[in-house]
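Biologist: I would like to learn how to read a structure of this kind, step by step, before I draw anything from it. Could you take me through the features in turn?

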Amino acid sequence: MSGSPASQAGMRRQNLALVLRTIATHGPLSRAAVATRTGLTRAAVSSLVDDLRGRALLAELGPEPATGRVGRPGSALALSAEGPAGLGLDIGVEHVAACVADLRGEIRVTVREEAANRDSPPERTLPQLVAVARRAVEEAAGLGLRPVGAVVAVPGSVADGVVVRAPNLGWQGVPLQVLLREQLNDQLGDLPVSVENEANLGALAELWCGDGPQDFVHVSAEAGIGAALVVGGRLFRGARGFAGELGHVPVHPDGPACACGARGCLEQYAGERAVLRAAGTWGRESGDRIGELARLAEAGEEAALAALERAGTAMGIALAGAVNLIDPAAVVLGGAYAELAEWLLPGLRRELAARVQVRPWEAGAVVVAALGRRGPRVGAALVTVRRVLEDPVGVAAGV
Ligand SMILES: [Zn+2]
């Protein structure tokens with residue numbers, strides 16, 4: 001066994017992460033309880049806790065009040081509501097948004113602005129995004145929070161920080177990580193930036209925020225339709241990182257031509273544009289097209305109801321393939337389509353029940369995401385929080 005300073009520093013870094021994770025999972029905990037759960041000595045725990053408190057990662061909750069309640073005497077430790085935080089950014093077709101999550105995973109600040117991003121070049125969209133990010137960081141500073149990383153959710157495919165294709169933004173090959181880092185750092189100082197597909201982040205948010213299953217398909221739509229596969233509690237990205245293109249799974253092989261070059265893709269029946277066209281509302285200059293569609297369906301407007309029935313049926317046909325292939329515990333309907341669940345789910349459930357070979361397939365296995373449209377940016381903020389919890393020294397030091 002080596003006792004070199006380097007290996008000691010490595011061991012201490014691991015133990016800091018172990019103590020932080022233990023408190024994150026089981027806290028609030030006293031120092032003695034942390035020692036019991038980790039197998040570290042009480043002296044070691046005290047020293048590690050001092051270090052973590054010095055980095056504003058842990059808070060001391062103070063002695064329990066003498067209320068007659070049976071409880072462990074002494075001071076309990078919990079994740080800090082101040083200090084290092086995660087900045088989540090979100091570029092939608094009709095908005096830009098930023099939010100800040102504290103280490104406990106609570107979203108403490110949200111700034112959202114309407115923005116006409118359809119076919120908008122990055123030079124126009126990014127300054128708006130940076131402006132909401134800056135406002136969110138300023139508000140967070142007032143709460144004692146300091147983002148140590150930014151993750152941006154985009155409605156498109158992403159590889160190595162580059163937006164390969166975001167059809168509804170009209171972006172192709174946009175080096176978003178580099179562009180955003182330059183602009184953010186001008187305003188906010190040195191902050192690591194990463195870029196991720198919005199459907200993936202929406203799925204991770206559902207995974208991290210709820211008590212739901214560890215294996216599920218998360219379907220979301222803002223402009224296109226995206227799915228994210230969570231397998232064994234981890235995102236399944238595929239060999240090249242493009243897994244989850246549910247929008248281009250064929251529903252009718254000889255159906256209408258799709259922008260991707262194929263025919264009859266799910267997006268031609270259940271994508272936002274297709275649904276709004278079928279409902280007769282496409283082209284209306286409404287800021288919130290999905291909200292408007294929900295209002296029409298609520299009012300019993302026939303074209304809207306028929307469009308949603310057709311979309312739900314097509315989603316069920318496409319999803320049956322995915323469910324038969326990977327046998328998930330649940331299908332989660334997220335993003336803006338969570339608001340249309342009432343009208344999408346009957347057709348979707350009916351097709352799954354008819355086509356899925358896993359028996360019995362329960363209608364209850366299709367659920368509506370708790371976070372809805374907020375999912376992608378919440379997931380984006382939580383990515384950094386999770387990184388801090390996994391390696392508090394490395395992330396804080398920018399390693
Ligand atoms: Zn297609």
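Predicted model: local features only at pLDDT ≥ 70, side-chain atom pairs only at ≥ 80, totals over all residues.

Modeller: What follows is a conversation that goes from the whole chain to single residues.

Biologist: How many helices and strands does the protein chain have?

Modeller: Helices (H or I, at least four residues) and strands (E, at least two) are DSSP runs, numbered from the N terminus. By that reading, the protein chain has 13 helices and 15 strands.

Biologist: Into which domains is the protein chain divided?

Modeller: Domain bounds come from an automatic or database domain assignment. Here they give domain 1 (5–79), domain 2 (85–201 + 376–390) and domain 3 (211–369), and the centres of domain 1 and domain 3, taken over C-alpha atoms, are separated by 44 Å.

Biologist: How does the radius of gyration of the protein chain agree with that of a compact globule?

Modeller: The radius of gyration is taken over C-alpha atoms, and the globule rule is 2.2 Å times the number of residues to the power 0.38. For 399 residues a compact globule would have a value near 21 Å, and the 23 Å of the protein chain agrees with this. Along the principal axes, the C-alpha atoms fill a box of roughly 70 × 50 × 50 Å.

Biologist: What share of the residues counts as buried?

Modeller: Buried means under 20% relative accessible area, exposed over 50%, and partly exposed in between (1.4 Å probe, protein chains only). Of the 399 residues of the protein chain, 50% count as buried.

Biologist: Which residues have the most contacts inside the largest nonpolar core?

Modeller: A nonpolar core is a set of buried Ala, Val, Leu, Ile, Met, Phe, Trp, Tyr and Cys residues joined through side-chain atoms within 4.5 Å. The largest one has 45 residues, and those with the most contacts inside it are Leu266, Met315, Tyr337, Leu340 and Leu352. Among the elements that each supply at least two residues of this core are strand S11 (216–221), helix H8 (272–279) and helix H10 (302–326), and H10 gives the largest share, eleven residues. Apart from this core lies another, of 34 residues, among them Val109, Val111, Ala133 and Val154.

Biologist: Which residues of H8 are buried, and against what do they pack?

Modeller: As a general idea, an α-helix has 3.6 residues a turn, so residues three or four places apart point the same way. In H8, the residues Glu272, Ala274, Val275, Leu276 and Ala279 are buried, and the buried residues of this helix pack against H7, H9 and H10. Gly280, whose phi is positive, near 80°, follows H8.

Biologist: Which residues is Val323 in contact with?

Modeller: Contact means heavy atoms within 4.5 Å. Val323 lies in helix H10 and counts as buried because its relative accessibility is 0%. Leaving aside neighbours within four places in sequence, Val323 is in contact with Pro328, Val331, Leu352, Val356 and Trp361.

Biologist: Where does Arg377 lie, and is Arg377 buried or exposed?

Modeller: Arg377 lies in helix H12 (residues 375–390) and, with 8% relative accessibility, counts as buried. Not counting residues up to four places away in sequence, Arg377 touches several residues, including Gly88, Asp90, His95 and Arg112.

Biologist: Which residues coordinate the zinc ion?

Modeller: Donors are N, O and S atoms within 2.8 Å of the metal (3.2 Å for Na, K and Ca), and water is not among the atoms, so sites may look incomplete. Here His248 (ND1), Cys258 (SG), Cys260 (SG) and Cys265 (SG) coordinate the zinc ion at 2.0 to 2.3 Å, with the spacing H-x9-C-x1-C-x4-C along the chain. Both Cys258 and Cys265 are buried.

Biologist: What are the angles among the four donor atoms of the zinc ion?

Modeller: Four donors count as tetrahedral if all angles lie between 85 and 135 degrees; four count as square planar and six as octahedral if opposite donors are over 155 degrees apart and all others between 65 and 115; anything else is irregular. The angles here are 105 to 121°, and the site of the zinc ion is tetrahedral.

Biologist: Where is the place of Asp160, and what is its phi?

Modeller: Asp160 is in the loop between strand S7 (157–159) and strand S8 (162–166), and has a positive phi of about 50° although it is not a glycine. Asp160 is exposed, with a relative accessible area of 77%.

Note on methods
Residues numbered from 1 in each chain as written. Heavy atoms only, no water.
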